[in-house]
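Student: Hello! I am new to this structure and would like to go through it with you. Could we look at it together, one question at a time?

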Amino acid sequence: MSRRRWSLLAGGVLLIASTTVVATHYSAAPIAKRCTDDAVCFRSTHRTNFPHYGNVYPSNLADCMFAAAANWQTIVLGTTPSSPQVKREYLAAAQSSSSGVDEDLFIWWWKTKGIGNVRVQGWEVLSQINEERIKEEIRQYKAVFAIFTFRRNATVAGRPVGVGGHAAIIDGYTEKGPLVVTWGTTYQMTWGEYWDSINSLRAITR
C-alpha cells in the first residue's frame, strides 16, 4: 500500500445495510466447525466474535488499524487488550476521532509505544502470487494483516461496504475464501471479493 496511501486508513468503512442500518453486527457466513484438510480449510482459532474497539456502526471510530492489531494479539498471543486502552492509544496516535493513521505512523507506534501492552518488531509484505501461497502464509503466521482498498460496489461476505481503505486480520480460510476478522466478528469472504479489494498482506514480526 505504499503506492496508494490513505489519510483515513480505515475506520470509516462500514458494512451498509440495504435498508435501515441498525447497531448490530452482521453475522458471518457459515464457517466450518472442523477442518481436517489444510489444503482446503484452516482456522487459527475457533473464536468468531471479538471486541470491536469502537470500529463498528454507530460509533464508527476510525481506528481499524489499532482494532486489527488488538485482534491479532488475541489470535496469536492469546490475550485480549482492553477496549478503552486501545481506543486511547488510537486517539493519541491519530490526534482525532474521525481520521485514521497511515501505515508508517501505525507501525512506528506499535513498535515504539505499543498497542494493548504489546510491542512488535515490525511487519513485512507477503507474497500474493496465488491462493495456495496465501494459504501457506496464513498457516505459518496464524493471523496476517490485510490492507484493503474498497472501491465502488465492493462487498465483504456478499454485503456492500463503503469506499475507502480498511485494515483487518485474516486468520483462516475455507474452500470459498479467506476468513476475515473485522468489525467485531469473522466474515467469510470469497476469493473473488478478496482479489477485488486487497491491497497488501503483511506478516507481523515480533
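This is a predicted model: local features need pLDDT of at least 70, side-chain atom pairs count only at pLDDT 80 or more; totals for chains, interfaces and linings use all residues.

Student: Is Thr45 buried or exposed?
Tutor: The cut-off for buried is under 20% relative accessible area. Thr45 has a relative accessibility of 18%, so this residue counts as buried. A polar atom of the Thr45 side chain also lies 3.0 Å from the backbone nitrogen of Arg47. As for the word you asked for, Thr45 is buried.

Student: Where is Val76 found, and what is its relative accessible area?
Tutor: Val76 belongs to helix H1, which covers residues 64-77. Leaving aside neighbours within four places in sequence, Val76 is in contact with Tyr141, Lys142, Ala143 and Arg206. Val76 is buried, and its relative accessible area is 15%.

Student: What distance separates the C-alpha atoms of Val76 and Val144?
Tutor: Along the chain, Val76 and Val144 are 68 residues apart.

Student: Which element gives the most to the largest nonpolar core?
Tutor: That core has 34 residues, and Met65, Phe66, Phe106, Trp110 and Phe145 touch the most other members. The elements that give two or more residues to this core are H1, helix H2 (83-94), helix H3 (103-112), strand E3 (144-150) and strand E6 (164-173). With 10 residues, the element that gives the most is H1.

Student: How many residues are in the other core that lies apart from it?
Tutor: Ile134, Phe148, Tyr173 and Met189 are among the members of this other core. The number of residues in it is 25.

Student: Which residue in the turn between E7 and E8 has a positive phi?
Tutor: Strand E7 (residues 178-182) and E8 pair in the antiparallel sense over four bridges, and Thr182 has Thr185 in E8 as its bridge partner. The two strands form a hairpin with two residues between them. The residue in the turn with a positive phi, about 50 degrees, is Trp183.

Student: Which residues of E8 point the other way from Thr185 and Tyr187?
Tutor: In a regular strand, side chains alternate between the two faces of the sheet. Strand E8 spans residues 185-188, and these residues are all buried. Thr185 and Tyr187 point one way, and pointing the other way are Thr186 and Gln188.

Key: Residues are numbered from 1 along each chain as its sequence is written. Side-chain values use heavy atoms; hydrogens and water are left out. Buried means under 20% relative accessible area, exposed over 50%, partly exposed in between (1.4 Å probe, protein chains only). Contact means heavy atoms within 4.5 Å. A nonpolar core is a set of buried Ala, Val, Leu, Ile, Met, Phe, Trp, Tyr and Cys residues joined through side-chain atoms within 4.5 Å. Two strands pair if DSSP finds at least two bridges between them. A polar contact is a pair of N or O atoms within 3.5 Å; within protein, one must be able to donate a hydrogen and the other to accept it, and residues adjacent in sequence count only if both atoms are side-chain atoms.
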